[in-house]
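Biologist: Thanks for sitting down with me over this one. Could you take me through the packing, one question at a time?

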Amino acid sequence: MILLGSHVSMNAPDFFLGSAKEAVSYGANTLMLYTGAPQNTKRRPVEELKVGEGWTCLHEHDIREIVIHAPYIINLANTVKPEIFELAVQFLTLELKRSTAMGSKILILHPGAHVGAGVDAGTQSVIKGLNEVLDACPDGMIALETMAGKGSEIGRTFEELAAIYDGVVQNNRLRVCFDTCHIHDAGYDIVHDFDSVIGQFDRLIGKDQIAVFHINDSKNERGSHKDRHANIGEGFIGFDALHAIVHHADFVSVPKILETPYRPDPEHPGQTLPPYKEEIALLR
């Protein structure tokens, strides 16, 4: 069965129960969420998040797998400001523990940005941070997200991700989140030659390491390094290529998560609506 869902919110007062209901309303059979706002470190105790009620709702609709995304502010690659690295290690450790407590096997992480120190220095910092986090947490896996390559991002090539794998001691607890917009913007031709791209990934890392797909179209031409998501079928990747990825025989059981932009609400100017119900139906 194809696992297809989207990013969903988690807000008071229903918290994870509200997330579950939102996913169900989209016709999803998987979902992704943040344990709190992605731009800060403010977090409520897991005990307050109605985790049990949320899972009851999900199981009633035969949803068995969720993924959690770490906040954007975590930057393990920063060697310029040691306090940023220390915060990243401490908070990522807490997030991995929170993720497993909420029932997610996977925590998605942007590898980080070297902020001018260079890819090698940034990569070694990521490796150091991941080793510390995984040593501190006995459970859960971290999925490194493929990046578009804007600014000083690390993870814009398969080689950069492979270098992290090579340095992490418990790399059996690493996985990859394959973002279609990011991969396209990084320069890989997933429109005309997806199987060759996967072949390259397989040789360097192993296609069995792909634990999540982010399914997004792109507002930019291939190789732009800009990372601007577009709605399904409205960008430079296109519906046919994305549909083929969602239904690819090698990844049927891998969760596919939509992160496409909200659309203007025609009845309420200035407000927006999620596109996920329509896009999930379109891709099924």
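Biologist: Which residues do ring pairs link into a cluster?

Modeller: A word on the ground rules: this is a predicted model, where local features need pLDDT of at least 70 and side-chain atom pairs count only at pLDDT 80 or more, while totals for chains, interfaces and linings use all residues. Residues are numbered from 1 along each chain as its sequence is written, and side-chain values use heavy atoms, with hydrogens and water left out. Rings of Phe, Tyr and Trp (its six-membered ring) pair if their centres lie within 6.5 Å; planes under 30 degrees apart count as stacked, over 60 as edge-to-face and the rest as tilted. The cluster linked by such pairs is F158, F178, Y188, F194, F201, F213 and F251.

Biologist: What is the geometry of the pair formed by F213 and F251, and why does it tie together parts apart in sequence?

Modeller: F213 lies in strand β7 (residues 210-215) and F251 in the loop between α8 (239-246) and β10 (256-258), so the pair ties together parts 38 residues apart in sequence. Helices (H or I, at least four residues) and strands (E, at least two) are DSSP runs, numbered from the N terminus. Both F213 and F251 are buried, which means under 20% relative accessible area, with exposed being over 50% and partly exposed in between (1.4 Å probe, protein chains only). The ring centres are 5.1 Å apart with 70° between the planes, and that makes the pair edge-to-face.

Biologist: Which residues of the largest nonpolar core touch the most other members?

Modeller: A nonpolar core is a set of buried Ala, Val, Leu, Ile, Met, Phe, Trp, Tyr and Cys residues joined through side-chain atoms within 4.5 Å. The largest one here has 77 residues, and helix α3 (residues 82-101) gives the most to this core, with six residues. The members touching the most others are L76, L92, L130, I142 and F178.

Biologist: What does I142 touch beyond four places away in sequence?

Modeller: Contact means heavy atoms within 4.5 Å. Leaving out residues up to four places away, I142 touches L92, L96, L107, L109, L130, V133, L134, R173, L174 and R175.

Biologist: At what angle do α4 and α5 pack, and which class does that give?

Modeller: Axes are lines fitted to C-alpha atoms, for helices over the stretch in contact, and angles run from 0 to 180 degrees between N-to-C directions. Angles under 35 degrees count as roughly parallel, over 145 as roughly antiparallel, 65 to 115 as roughly perpendicular and the rest as oblique. In the contact, V119, T123, V126, I127, L130 and N131 of α4 meet E160, A163, I164 and G167 of α5. With the axes 9 Å apart, the angle is about 45°, and α4 and α5 are therefore oblique.

Biologist: Which hand does the crossing of α3 and α4 have?

Modeller: α3 and α4 pack at about 40°, with axes 9 Å apart. On the α3 side the contact includes F85, V89 and L92, and on the α4 side K128, L130 and V133 are among the residues involved. A crossing is left-handed if the near helix is turned anticlockwise from the far one by less than a right angle, and right-handed if clockwise. The crossing of α3 and α4 is right-handed.

Biologist: Which residues of helix α5 are buried?

Modeller: Helix α5 covers residues 158-167. Its buried residues pack against α4 (119-136), β5 (141-145), β6 (174-179), α6 (180-186) and α7 (194-204). They are F158, E160, L161, A162, I164 and Y165.

Biologist: Is V8 buried or exposed?

Modeller: V8 sits in the loop between β1 (4-7) and α1. Its contacts, not counting residues up to four places away in sequence, are S19, E22, A23, Y26, L31, M32 and L33. Because its relative accessibility is 2%, V8 counts as buried.

Biologist: Which residues does a cis peptide bond join?

Modeller: P13 lies in the loop between β1 and α1. With omega at about 5°, the cis bond joins A12 and P13.

Biologist: What is the phi of V115, which is not a glycine?

Modeller: V115 is in the loop between β4 (106-109) and α4. The residue is partly exposed, with a relative accessible area of 41%. Its phi is positive, at about 45°.
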